[in-house]
Amino acid sequence: MASHSYTPLWCKSYFSFLEGASHPEELVEEAYRLRLKTLALTDRDGVYGIVRAHVKARELGLHLIVGAQIALADHSNLVLLAQDRNGYSNLCRLITIGRLRSPKGSSSVTWDEVCRHASGLIALWGDMSVGAGSPRPYRAGETDPDDVAGPLREAFGDRLYALLARHRQADEIRMEARLRARAARYDLPLVAATEMLYHTSARRPLQDVLTAIRHGVAVSTAGRQLKPNAEHYLKSPHEFATLFADDPAAVARTEEIADRCTFSLAELRYRYPSERLPNGTTPSALLRAGSAQRLRQLTFEGARRHYDGKVPPDVVRQLETELHLIDALDYPGYFLTMWEIVEFCRQRGILCQGRGSAANSAVCYCLGITAIDPVRMGLLFERFISRERAEPPDIDLDIQHNRREEVIQHVYDTYGRSHAAMVVNVIRYRPRSAVRDVGKALGLPETSMDRLTRLLSHHGDITSEALRQAGLDPETPLHRHLLRLTNEILEVPRHLSIHPGGFLLGHDPIWTIVPVENATMPGRTVIQWDKDDLEALGLFKVDLLGLGALSHLDLCFRLLKQHRGLELDMAGIPPNDPATFEMIQRADTVGVFQIESRAQMAMLPRLQPRSFYDLVIEVSIVRPGPITGGMVHPYLRRRRGEEPVLYPHPSLQPVLEKTLGVPLFQEQVMRLAMIAADYTPGEADQLRRDMAAWRRSGQIERHRERLISRMQAKGIAVEFAERVFSQIRGFGEYGFPEAHAASFALIAYATAWLKRHYPAEFTCALLNAQPMGFYAPATIVEDAKRHGLIVRPVDAQASAWDCTMEPCPQSTGGFAVQMGLRYVKGLGEGDWKRIEDTRRIAPFTSLADFIHRTELNKGVLAALAEAGAFEGFGSSGAAQDRLDRRAALWEAMGTQSRVTPLPTVVQEASPAFTPLGAA
């Protein structure tokens, strides 16, 4: 053992939310710089940051101990360290128990629960108050240490240590004397530690601000809630030995504990929960053969349906290749799960469609998970799964957003809460939230901070110039402090939210892998890791995402069946319809999925899409990747025949032929790197990862020299190499894989076809699917009117809650759209229910009749009058006499005030209003 060596056993990162002031990676890097062999990460009631620390420790060759600081029900704390795989499972289970019984953001377990989960864990027991690391006296009402010492000693045996913490505080002498007496009384070995809250003392001001934010106070008034000094940094071996110079044995025990903690996250062996087989058996006995056979059977059944009973030889070859690899990598269960979810959606009439790299798979196509034939489109299966990467497949399943919750609850019901939980999103500080929270913590005026936030973008550093524009002098000490701290807090985790639809499913209970806790949304539980953590550990994630366009299509199909008796689905929409493409070429695409933005509309007349693949190009080309890479104009010129189609190198022709020698898709960039820059499959995969993380990590820059120099060595012009690298950076911001674009193009074509041939159904469904898309309902209505569709305003006598269709020979397509009362701002569904129930008994004869029978309050009546819902009531009660909005408001308010009879009622004459103009 090296002289003055020690192991930090009590370290908190940013993932002890608003307490630690360093990233997990920073703690690991600093420990490595200090030549420490081991570091324990012990965030508060969680292992949120442990994967990031694990990845960095593996990279640097540092031993990482997995642990957590556990909050007890009596307001004390205990540090637990995982000694082995069983201990890690017990730690996750204990955290899960504490989190699930507590409100979001808190946790609490009992001493008895700690003792029941002691196996494989080392316990460090000291005097720690909740949310603070400083020793403090025993408080009345708390559990007496003498009451828990015996059970702890019995449960942990020689794995129980007395935690001797020093932070150079005056009251530590008395606390330490008491701790030593307890340790002597129960024969507990002492181990030295300091609570590490940041990797360097320069982070102390930020830690103060985070503490103030956590407690909702200003730093100036936080008092004892702040640490009294900056002694909570990661100390060098010499500093630590000096701090505990009087007790070298306590220092040596840190190394003893490190040697005892051998667990690593690399030991996690994840098993996917294979789909149950039809005969009622589970794949525990037939895990490989049974699941693989079931998958093969379903795949070829689907292939025969797709290809009218005769599967083409090239499709058979592709299916055999994919199935062999899926079986070899033990992925059948994952595909069977996705098939089962898609079948559930079909049986319930829920529209869904797989997208992303899954559309590269012929197996996914034949199972009905995706709708794109990858063999016909020549898509690269290795973009989805490859033996070299040996990483889990990632299937994104888009589900109509208004019914996605049904599918989510189906997954919970099928696998159980113990075997299924959703993935989290880590919400981090961005410029605006940083300014608000830090400004409040520093006591700056809220009005000044609001003014400053309006000048900031969603990303990037906060500059001195932004402060000047907000009327703040950046040279003032307090404002300099604000500038430094807001930039320092950027990307710091603030809290957790739910991933849009990511699920982790496990053959064993999820809490054997990662703790589970409650989400804010009722009926949801989440794990403590995000999608990047799962990817780093090679864990499977099922993505169930909501897509408004599918809700729109579903509503369209239902209206077609209801009003025209036409049974239609996406597969039944005629392909390559000339009238639809003519409309698209004119950029008449308001409300059409993916090609309705101003930028897309500007591109459509230039690109002139004439086929489905042209739509795939259109969906992809108006993206930062192709734009920043300077690929758009060369492609358009080549498409119009204004310049020849040339390839920078003959070897790249197969890669770029479909896009006229210009790379537009993510897959092309990866293939190009492999062919033109001799990237190995592993390097190409790292390029993909770095593309995805470009904004966050900036690691894409390390590929620049390698890509450009290798392309030049192949004889490729440096200008082309530079453009390719610019495009790669653009893809990091936002770029489409070809398969993803094809999946979206399918929905884009379907919505365009409906707009062209059934404008009433298209418009009515689009209005009922709101909010979605680029345009406000008023814009959608005006666009429909320009196409000759009659759209009738809201009417208290005729409107339903949703928009409806009514026969009308004068309207385009033979139907008019009646606006629904949902578009009356201020009218709730409860108010609509009252109107509906009353109207069902008998039609309203007058506005007064409406007011008396519905008994709606003044606010709702005013909202209806201002929306024109009472225009159908004439001032005399005659339906043909339209009632002006102001007159309706006057009459409604007057009538409502007379609902309760008074002793004397004076009938007032309605005033004469000047008619409202069209504006």
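Guide: Glu738 has its place in helix H33. Helices here are DSSP runs of H or I with at least four residues, strands are runs of E with at least two, and both are numbered from the N terminus. The model is a predicted one, in which local features need pLDDT of at least 70 and side-chain atom pairs count only at pLDDT 80 or more, while totals for chains, interfaces and linings use all residues. Residues are numbered from 1 along each chain as its sequence is written, and side-chain values use heavy atoms, with hydrogens and water left out.

Is Glu738 buried or exposed? Glu738 counts as buried because its relative accessibility is 7%; buried means under 20% relative accessible area, exposed over 50%, and partly exposed in between, with a 1.4 Å probe and protein chains only. Leaving aside residues up to four places away in sequence, Glu738 touches Met377, Leu379, Tyr613, Val616, Lys658, Phe665 and Glu667. A contact means heavy atoms within 4.5 Å.

H33 (738-757) also takes part in the second largest pocket, where it supplies at least two residues of the lining, as do strand S7 (352-355), helix H14 (374-377) and helix H21 (548-564). H21 gives the most, with four residues. The lining has 34 residues in total, and those nearest the centre of the pocket are Ala371, Asp569, Met570, Ala571 and Leu746. On a 1 Å grid over the protein atoms alone, a pocket is an open set of points where a 1.4 Å probe fits, with protein on both sides within 12 Å along at least five of seven lines; lining residues have an atom within 4 Å of a point. The space in this second largest pocket is about 1300 Å³, a volume being the space filled by probe spheres set on the points, which are joined across faces, edges and corners.

After H22 comes Ala587, with a positive phi near 60 degrees.

Strands pair if DSSP finds at least two bridges between them. S14 (residues 791-792) runs parallel to S16, with two bridges, whereas S15 (residues 804-807) runs antiparallel to S16, with four bridges. Val817 of S16 is the bridge partner of Val791 and also of Met805. Along S16 (residues 815-818), Phe815 and Val817 point one way, Ala816 and Gln818 point the other way, and all are buried.

For the whole protein chain, the secondary structure comes to 39 helices and 16 strands. Of its 919 residues, 57% are buried. Among contacts between residues at least 6 apart in sequence, 72% join residues at least 24 apart.
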